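Me: I've got a structure open here and would like to talk it through with you. Can we start with the charged pairs and then move on to other things?

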Amino acid sequence: MNPHKAWWIDTNFETVKKNLEVRNFECFIVEKKEDVVPLLEKLISKGSVVSCGGSMTLFECGVIDFLRNGNYNFLDRYKEGITPEELGEIYRKSFWADYYLMSTNAITLDGKLINIDGNGNRLAALLFGPKNVIVIAGKNKLVLNEEQGLLRVRNIASPMNSKRLSRNTPCTQDGKCHDCLSFECICSHIVVTRRSPAKGRIKVVLVKEDLGF
């Protein structure tokens, strides 16, 4: 990596880490996506009930395969042939999980998480329920402030996720948010998490690579 880019990443990651910790989050920094699973092995006790939110980042880091390895009671929302009823049951059971894994749509330099959600199950679990929440995010999720974070989730994350899910929404036509009320819209809830009420409940893993949307 270009040394100037590496300097920028290191400097800003340390800033975010410091500010997350001031806000009661616990923060870890890793160099690459392959470092995520070894860290999770240390953070998650074997035999724990584990669930996750919808996230391409988790797939890219090998987290889903890791959770399926038999050492955990994994509430697998991605299992083959799952019915809508079974998926809804997993959403509800996730509130009793020991660990809930997810990514975030944006992180501000001053340590806030910004997310947009369709059903709301992912954000509901982030806010309350699971004993521990582990948020994994690549460097592409870093933004200067809330305003840039909202622009990012509306005009980058949401259009790409809508396209991935084959939704018939205006943003899948031109890649821009139209603040729509489409039947297939995935942007029902926007949440800014400015602190973790319980110290260390929310753990953020920052990865020095681009991950997810």
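Reply: Gladly, and a definition comes first: a salt bridge here is a side-chain nitrogen of Lys or Arg within 4 Å of a carboxyl oxygen of Asp or Glu. With that rule, D110 forms a salt bridge with R23, and their closest N and O atoms are 3.6 Å apart. Please keep in mind that this is a predicted model, in which local features need pLDDT of at least 70 and side-chain atom pairs count only at pLDDT 80 or more, while totals for chains, interfaces and linings use all residues. Residues are numbered from 1 along each chain as its sequence is written, and side-chain values use heavy atoms, with hydrogens and water left out.

Me: ok, and which parts of the chain does the D110 and R23 pair tie together?

Reply: D110 lies in the loop between β5 (106-108) and β6 (113-117), whereas R23 lies in the loop between α1 and β1 (26-30), so the pair ties together parts that are 87 residues apart in sequence. Those element names follow DSSP runs numbered from the N terminus, where helices are H or I runs of at least four residues and strands are E runs of at least two.

Me: is R23 buried or exposed?

Reply: R23 counts as buried, at 16% relative accessibility, while D110 is partly exposed, with a relative accessible area of 30%. The cut-offs are under 20% relative accessible area for buried, over 50% for exposed and in between for partly exposed, with a 1.4 Å probe and protein chains only.

Me: which residues are linked in a network with those two?

Reply: The network of salt bridges links R23, D110, K112 and E146.

Me: how many salt bridges in total?

Reply: The count comes to 13 salt bridges. One of them joins the side chains of K208 and D10, at 2.6 Å from N to O. K208 lies in the segment after β10 (202-207) and D10 in helix α1 (residues 3-22), so this pair ties together parts that are 198 residues apart in sequence. K208 is buried at a relative accessible area of 13%, and D10 counts as partly exposed at 35%. Another salt bridge is formed by the side chains of R68 and D76, at 2.7 Å from N to O; here R68 is partly exposed, with a relative accessible area of 39%, and D76 is buried, with 11%.

Me: switching to helices, which residues of α2 are buried?

Reply: In helix α2 (residues 36-43), the buried residues are V36, V37, L39, L40 and L43. They cover an arc of only 155° around the axis, which puts them on the same side of α2; the arc is that of the directions from the helix axis to the C-beta atoms.

Me: and what do they pack against?

Reply: The buried residues of α2 pack against β1, α4 (63-67), β4 (99-102), β7 (132-138) and β10, where contact means heavy atoms within 4.5 Å.

Me: what about β4, which of its residues are buried?

Reply: Both faces of β4 are covered, since Y99 and L101 on one side and Y100 and M102 on the other are all buried. Strand β2 (residues 49-52) pairs with β4 in the parallel sense over three bridges, and two strands count as paired if DSSP finds at least two bridges between them. Four bridges join β4 to β7, which also run parallel. Y100 in β4 stands opposite S51 and also opposite V133 in β7.

Me: there's another sheet too, what is the strand order?

Reply: Four strands form an open sheet in the order β8-β5-β6-β9, with mixed pairing. β8 (142-143) and β9 (189-193) stand at the edges with a single partner strand each, so one side of each is left without a neighbour in the sheet. Within that sheet β5 and β6 run antiparallel and are joined by two bridges, and I107 has L113 in β6 as its bridge partner.

Me: last topic, cysteines. how many disulfides?

Reply: The count comes to zero disulfides, a disulfide being a pair of cysteine sulfur atoms within 2.5 Å. The sulfur of C27 is 14 Å from the closest cysteine sulfur, in C61, which is too far for a bond. C171 is in no disulfide either, and the nearest cysteine sulfur, that of C180, is 6.4 Å away. C27 is buried, with a relative accessible area of 5%, and C171 counts as buried at 12% relative accessibility.
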